Amino acid sequence: MDYRQGEEFRDDRRGGYLPPEVVKRLSALDPVKGTLAVLETYGAIALCVGAALTWWHPVVVIAAVLVIGSRQHALFVLAHDAAHYRIYRTRWLNDLVGRSCGVIGGVSMCTYRVIHRLHHNHLYEAQDPDIALHGGYPRGKAYLVKKLLKDLCGLTAWKTFAYFFGAPAFNTDTNQASRPLDDTAPRLRAAARRDRWLAAGFHVAAPAAAFTSGWGVEYLVLWTLPLVTVLQPILRFRAVCEHGAVTDFSSPLTAARTNLAPAWLRWFLFPHHVNFHVEHHMYPAVPHYNLPACHDEMAQRGILDHAEVRPVAETARLVFANRAA
């Protein structure tokens with residue numbers, strides 16, 4: 001795709017190539033599939049909210065909170081796809097949908113677009129703003145369990161939202177603070193600034209409207225609670241599964257990981273085919289619904305023969321392992 005300087009997501013083809021005609025076919029956007037992904041996610045949230053409000057029982061409410069947290073994560077993934085311009089070809093529509101998916105979850109999609117570009121274009125380099133999250137593994141079972149429990153208790157949510165708002169991240173491996181919003185086109189920097197105000201404004205106005213209309217407790221339990229608890233360990237664990245405990249940073253084939261899992265776990269932990277992470281790094285222009293086909297094309301050509309493609313149970317053993325001596 002034709003991006004202006006400072007906006008591009010570069011393909012990372014170190015280690016293998018698909019024929020250009022195959023990449024072109026796989027990169028074609030299908031607005032119907034994009035729309036269905038958005039509707040499925042919002043529909044699941046609506047069903048959970050409806051069930052909880054109809055049967056306000058602890059069992060139903062807890063189940064709703066768990067599922068809503070997982071679907072908030074799915075909204076984050078859709079905002080990620082929109083950041084890559086991969087939901088709709090029409091730019092304003094793509095950004096409108098992506099920003100809506102992000103804003104209700106406290107994420108500025110336009111800011112994330114700037115941050116995520118650096119992650120793609122500088123994977124595991126000093127400029128990668130995500131190293132602070134997924135770098136250095138394995139660190140031992142106790143370390144990761146403690147992190148995930150703190151996430152689940154809501155103690156780290158502020159760090160997550162600060163990241164998505166573009167706050168500088170300190171990389172302990174390089175002893176440097178990355179400032180992702182300094183490295184982008186002025187147009188995107190301005191869009192990110194406006195989007196952050198929109199996200200902040202929504203999360204002031206929405207609870208105020210809920211309490212004014214008598215639904216404040218329900219809003220806090222069914223939206224804010226999963227947002228700051230259930231969502232947080234899912235985000236961390238997925239990120240660690242994608243890039244943690246890798247030893248060869250020379251190629252996305254070995255610096256990223258594709259996680260194979262049963263359908264129910266993919267739905268809960270890896271929504272919208274986000275588990276195909278090697279494929280996504282090599283061909284970020286491929287929309288999520290074509291990533292399984294991209295995986296098959298790469299596997300048939302032997303590109304994935306020595307890649308980080310593992311069952312998620314094997315990945316878990318790696319990232320929970322004791323730190324290497």
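Residues are numbered from 1 along each chain as its sequence is written, and side-chain values use heavy atoms, with hydrogens and water left out. Because the model is predicted, local features require pLDDT of at least 70 and side-chain atom pairs count only at pLDDT 80 or more, whereas totals for chains, interfaces and linings use all residues.

The protein chain contains 16 helices and 4 strands, taken as DSSP runs numbered from the N terminus (helices, H or I, at least four residues; strands, E, at least two). Of its 325 residues, 54% count as buried; buried means under 20% relative accessible area, exposed over 50%, and partly exposed in between, with a 1.4 Å probe and protein chains only. Contact is defined as heavy atoms within 4.5 Å. Among contacts between residues at least 6 apart in sequence, 75% join residues at least 24 apart.

In soluble globular proteins, nonpolar side chains tend to be buried together. A nonpolar core is here a set of buried Ala, Val, Leu, Ile, Met, Phe, Trp, Tyr and Cys residues joined through side-chain atoms within 4.5 Å. The largest such core has 55 residues, of which Leu 75, Phe 76, Leu 222, Trp 223 and Phe 237 touch the most other members. Helix H3 (residues 58–83) gives the most to this core, contributing 11 residues. A second, separate core has 17 residues, including Tyr 283, Val 286, Met 298 and Ile 303. When residues up to four places away in sequence are not counted, Phe 76 touches Gly 105, Val 107, Phe 161, Phe 164, Leu 231 and Leu 235.

Phe 76 also belongs to one aromatic cluster with Tyr 112, Tyr 163 and Phe 164. The structure holds 6 aromatic pairs. Rings of Phe, Tyr and Trp (its six-membered ring) pair if their centres lie within 6.5 Å; planes under 30 degrees apart count as stacked, over 60 as edge-to-face and the rest as tilted. The rings of Tyr 137 and Tyr 143 have centres 6.1 Å apart and planes at 70°, so this pair is edge-to-face. Tyr 137 counts as buried because its relative accessibility is 7%, while Tyr 143, at 31%, counts as partly exposed. Tyr 163 and Phe 164 form another edge-to-face pair, 5.1 Å centre to centre with 80° between the planes. Within this pair, Tyr 163 is partly exposed at 21% relative accessible area, and Phe 164 is buried at 9%.

Charged side chains were also placed relative to aromatic rings; a charge sits over a ring if NZ of Lys or CZ of Arg is within 6 Å of the ring centre and within 35 degrees of the ring normal. The charged end of Arg 71 sits over the ring of Trp 267, 3.7 Å from its centre. Arg 139 lies over the face of Tyr 137, at 5.2 Å from the ring centre.

The structure holds 2 cavities of 30 Å³ or more. On a 1 Å grid over the protein atoms alone, a cavity is a set of points where a 1.4 Å probe fits but cannot get out, and lining residues have an atom within 4 Å of a point. About 90 Å³ of space lies in the largest cavity. Its lining comprises 15 residues, of which His 80, Asp 81, His 280, His 288 and Leu 291 lie nearest the centre. The elements giving two or more residues to this lining are H3 and helix H14 (277–282), and the largest share, 3 residues, comes from H3.

How values were computed: 1 Å grid on protein atoms, 1.4 Å probe; cavity = no way out; pocket = protein on both sides within 12 Å on 5 of 7 lines; lining within 4 Å. Points joined across faces, edges and corners; volume = space filled by probe spheres on them.
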